[in-house]
Amino acid sequence: MRGVVGRDDLLLITLDTLRYDVAAELAEAGRLPNLAGHLPGGRWEKRHAPGNFTYASHQAMFAGFLPTPASAGPHPRLFAARFEGSESTAARTFVFDTPDLVSGLADAGYRTVCIGGVGFFNRRGALGSVLPGMFQESHWEPEFGVASPTSFESQVARAERVAAELPASRRLFLFVNVPSLHQPNWFHLPGATREAGDSRETHAAALEYVDRHIGRLFAAASSRRRCFTIVCSDHGTAYGDDGWTGHRLGHESVWTVPYAHFFLEPGAP
């Protein structure tokens with residue numbers, strides 16, 4: 001990342017609440033053509049989340065602690081604050097001297113932009129202002145939120161505008177928190193009802209919805225220059241697994257998340 005930062009644009013997408021097993025099954029079954037076309041080998045990497053709910057996980061990720069590979073480490077990190085004795089800071093790690101990655105990238109000359117999704121990004125109160133407040137520019141409106149069946153399309157339209165309006169000489173760090181997988185997601189599955197509620201199947205349908213529109217986001221992010229892209233989940237969620245439901249709990253369905261990073265070349269599909 002020491003060679004990437006300052007040269008390429010950067011895109012971080014968190015598919016909020018996405019389970020690893022659902023993401024892996026859909027990619028294997030060919031149900032994520034747009035995402036799978038960019039995943040190394042067409043597969044998600046299995047990782048462990050740095051937190052078991054949105055706020056905790058994003059605080060960690062914005063400090064440089066992205067989801068950790070689900071294998072014995074230590075694993076070199078892409079980004080790290082300067083910290084004496086860190087075993088995961090390597091020669092190729094981008095090291096910043098600010099309290100968080102967002103301000104570190106701003107110091108490196110990036111325009112930092114947040115397009116929020118779930119309530120922790122809605123700026124409607126003090127708590128919902130902490131994470132977006134790290135960015136030089138942040139966007140949220142009800143059409144981006146968890147209750148909107150067209151949330152991701154609305155977010156993508158805003159991302160397209162952000163990329164088009166930024167001077168070509170300015171590097172961009174764009175962060176998008178995608179709320180579509182978060183409950184409620186029943187409306188993404190034809191025939192599902194509010195009364196029946198969310199399920200693993202509606203969760204999968206929500207991911208397919210995101211896949212249908214993510215190509216536009218990739219195109220916008222790489223419209224100015226090559227873009228280094230990270231797509232991951234911040235945590236999963238349980239749908240009755242071993243009797244557990246929801247997240248902010250210590251179940252495998254919550255701690256295990258999909259992850260991928262790759263370059264988007266300008267003009268690539």
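**View 1. Helix H7, its span and its kink.** Helix H7 runs for 22 residues and covers 30 Å from first C-alpha to last, close to the 32 Å expected at 1.5 Å a residue (that expectation being 1.5 Å times one less than the number of residues). A kink of about 45° sits in H7, centred on His-213; the bend is the angle between axes fitted to the seven residues ending at a residue and the seven starting there. Helices here are DSSP runs of H or I with at least four residues, strands are E runs of at least two, and both are numbered from the N terminus. We're looking at a predicted model, where local features need pLDDT of at least 70, side-chain atom pairs count only at pLDDT 80 or more, and totals for chains, interfaces and linings use all residues. Residue numbers start from 1 along each chain as its sequence is written, and side-chain values use heavy atoms, with hydrogens and water left out.

**View 2. The largest nonpolar core.** This core holds 40 residues, and Leu-11, Trp-44 and Phe-218 are among those with the most contacts inside it.

**View 3. Helix H3, mostly covered.** Six of the eight residues in H3 (54-61) are buried, including Tyr-55, His-58 and Met-61. The buried residues pack against E1, H4, H5, E8 and E9 (contact means heavy atoms within 4.5 Å).

Methods: Core = buried A, V, L, I, M, F, W, Y, C linked by side-chain atoms within 4.5 Å. Buried < 20%, exposed > 50% of the residue type's maximum accessible area, 1.4 Å probe, protein only.
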